[in-house]
Structure formats: C-alpha cells, structure tokens
Amino acid sequence: MSYRCGIGYDLHRLAEGRKLIVGGIELPFDKGPVGHSDGDVLAHALCDALFGAAGLGDIGSHFPDTDPKWKGANSLIFLEHARKLLDEKHFVIEHVDAVVILEKPKLGPHFPKMRDTLAKALGVAPEKIHLKAKTNEGVDAVGRGEAIASYVVATLTSI
Ligand SMILES: [Zn+2]
C-alpha cells in the first residue's frame with residue numbers, strides 16, 4: 001500500500017449580494033465569494049488537494065471557468081466528480097485536514113454540518129474530514145473582510 005499527500009489552496013474575493021457558501025452549505029452573511037461557480041473555497045481547495053494527491057491535475061483543468069456549464073455550479077458536484085476519478089484509479093481517501101481563513105462570520109458552529117456535507121459528497125465517514133477556522137488578524141485583504149481563503153491537505157492510499 002502506498003500513501004500520497006496533496007495540497008490545495010483557494011481564495012475568492014467577497015462581495016455584497018453573493019451567497020456565502022463554504023463547505024457545501026450556505027451561511028447567513030451579507031457578503032459572499034465572487035466566482036464562476038458558487039465560489040466555495042473549501043470545496044475548491046479540497047478538490048485540488050485530492051487531484052494533487054492522485055496526480056490528476058487541478059480543478060481548472062477538469063472544470064474550466066470558461067465553460068458556461070459551471071456557471072453558478074454547486075461545487076459539491078466537483079467533489080463528486082473527483083471522488084469518481086479517485087475510485088477509478090483505486091485511491092482511498094484516508095484523511096482531509098483543512099483551514100478556512102475568514103474574518104467574519106464564525107465558522108466553528110457550522111463545522112458539523114459542513115463535515116457531513118463534504119463527507120457525503122466524497123463517500124467517506126465525517127471523521128475523516130477535519131476542519132479548522134482562522135481569522136487573518138485584520139491584516140491584508142482577508143483581514144479586511146474582502147476575501148476568503150482555504151488550505152487543504154488530503155492523504156490518500158492506493159492498493
Ligand atoms: Zn475557487
């Protein structure tokens with residue numbers, strides 16, 4: 001059995017009038033990510049971490065933002081697609097560790113629902129998904145509430 005790790009990173013600008021979708025769920029807030037899809041940074045970084053670990057390129061190569069098909073897309077479909085590709089290559093998701101960096105609102109109370117939602121999309125137990133939240137201490141665009149970012153590390157095994 002071999003172990004493989006992948007890293008994913010994503011950032012989206014925040015603007016008024018957009019829904020704040022993080023980890024596949026909508027959070028009550030007056031701003032949300034600007035993006036071709038729903039702008040879910042956690043789902044996008046997670047997708048890239050999985051693709052990276054499996055050696056399958058990146059999210060942009062699978063779901064180009066020039067394709068009208070993905071306009072306003074629910075990013076959970078990206079994860080479901082990634083899961084299918086991993087299955088085909090006989091990769092098993094062992095663990096996912098994620099950080100979401102956002103000044104406001106507080107994400108912690110929403111983590112149980114996020115974990116369940118992401119776990120369902122990936123077909124794994126929620127215990128395999130670990131989520132953390134940080135602020136940016138008021139520094140830079142994220143700290144000023146102008147952007148949201150996420151880092152994810154995924155560990156896969158293959159037989
Ligand atoms: Zn993104």
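This is a predicted model: local features need pLDDT of at least 70, side-chain atom pairs count only at pLDDT 80 or more; totals for chains, interfaces and linings use all residues.
Student: Which residue stands opposite Ile 93 in β7?

Tutor: Leu 156 in β7 is the residue facing Ile 93. Residues are numbered from 1 along each chain as its sequence is written, and side-chain values use heavy atoms, with hydrogens and water left out.

Student: How many bridges join β5 to β7?

Tutor: Two strands count as paired if DSSP finds at least two bridges between them. Here β5 and β7 run antiparallel and share 10 bridges. Strand β7 is also antiparallel to β1, with 12 bridges joining the two; Gly 6, for instance, stands opposite Ala 154 in β7.

Student: What is the order of the strands in the open sheet?

Tutor: The order is β4-β1-β7-β5-β6, five strands with mixed pairing. At the edges are β4 (31–33) and β6, each of which pairs on one side only. On average, neighbouring strands of this sheet are turned by 20° against each other, direction ignored. For such angles, axes are lines fitted to C-alpha atoms (for helices, over the stretch in contact), and values run from 0 to 180 degrees between N-to-C directions.

Student: Why is β7 called largely enclosed by the rest of the structure?

Tutor: Start with the scale: buried means under 20% relative accessible area, exposed over 50%, and partly exposed in between, using a 1.4 Å probe and protein chains only. In β7 (residues 147–158), 10 of the 12 residues are buried, so the strand is largely enclosed by the rest of the structure.

Student: Which residues coordinate the zinc ion?

Tutor: Donors are N, O and S atoms within 2.8 Å of the metal (3.2 Å for Na, K and Ca); water is not among the atoms, so sites may look incomplete. For this zinc ion they come from Asp 10 (OD), His 12 (NE2) and His 44 (ND1), at 2.0 to 2.1 Å. Their spacing in sequence is D-x1-H-x31-H. Because Asp 10 lies in strand β1 and His 44 in helix α1 (residues 41–54), the pair ties together parts that are 34 residues apart in sequence. Asp 10 counts as buried at 14% relative accessibility, and His 44 is buried at 7%.

Student: Where in the backbone is there a cis peptide bond?

Tutor: Most residues other than glycine have a negative phi, and most peptide bonds are trans. In this model, a cis bond joins Lys 104 and Pro 105, with omega about -5°. Pro 105 sits in the loop between β5 (91–101) and α4 (111–122).

Student: What is the phi of His 90?

Tutor: Phi of His 90 is near 60°, a positive value in a residue other than glycine. His 90 is in the loop between α3 (76–88) and β5, and is exposed, with a relative accessible area of 55%. Glu 137 has a positive phi too, near 55°. Its loop runs between β6 (129–134) and α5 (140–143), and Glu 137 is exposed at 71% relative accessibility.

How values were computed:
Helices (H or I, at least four residues) and strands (E, at least two) are DSSP runs, numbered from the N terminus.
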